[in-house]
Amino acid sequence: MALQREIKKRRPFDSPQQEAILNILRTSDQYQVRFTRLFRSYGLTLSQYNVLRILRGEGRPLPILEIASRTITVVPGITGLVNRLEEAGFVRRERCQEDRRVVRIGLTAKARKTLAALDEPLDELHKALIGHLSRAELKTLIQLLEKARGPLSEAE
């Protein structure tokens, strides 16, 4: 009912499935706006941060296709995204010594410094967005979202 009022929908939703999906989309959009603002203040986009987060988490350079397979959102132009990160000084390309055809992407000192500076503001944003939920509610939310994505992974 809250979404119906928010978007000033006159008639009820056609189904609970429609209402649930629209709630997910509305929430995602509002969260993305806030994350976009935060990342922009550090000279990054959401997709660029995602790539840097993956590289920091792995702790070593990775091939572009491996990075692409780990992103939260689909990045159709991963090579262009990495090119922009390289131009901005956040990543560097390293040619593999064993197989010269393989190029790995690694973090620069600038990227590590930026990620470290982002850690606290990002944690604060997470808390501001869903800190009002209990641990049990968060666990249930995670389980429900994973279950909702289930048919999508089965289709692939």
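The lining of the largest pocket has 21 nonpolar, 12 polar and 6 charged residues, where Ala, Val, Leu, Ile, Met, Phe, Trp, Tyr, Cys and Pro count as nonpolar, Asp, Glu, Lys and Arg as charged, and the others, Gly among them, as polar. The model is predicted: local features need pLDDT of at least 70 and side-chain atom pairs pLDDT 80 or more, while totals for chains, interfaces and linings use all residues. Residues are numbered from 1 along each chain as its sequence is written, and side-chain values use heavy atoms, without hydrogens and water.

The volume of this pocket is about 2,000 Å³. Among its 39 lining residues, Ser 28, Tyr 31, Ile 72, Leu 145 and Arg 149 are the closest to its centre. A pocket here is an open set of points on a 1 Å grid over the protein atoms alone where a 1.4 Å probe fits, with protein on both sides within 12 Å along at least five of seven lines; lining residues have an atom within 4 Å of a point. The volume is the space filled by probe spheres set on the points, which are joined across faces, edges and corners. With 13 residues, α2 gives the most to the lining.

Helices are DSSP runs (H or I, at least four residues), as are strands (E, at least two), numbered from the N terminus.

| Helix | Residues | Lining of the largest pocket |
|---|---|---|
| α6 | 109–130 | at least two residues |
| α7 | 135–155 | at least two residues |

Thr 108 lies in the loop between β3 and α6.

Key. The expected span of a helix is 1.5 Å times one less than its number of residues.
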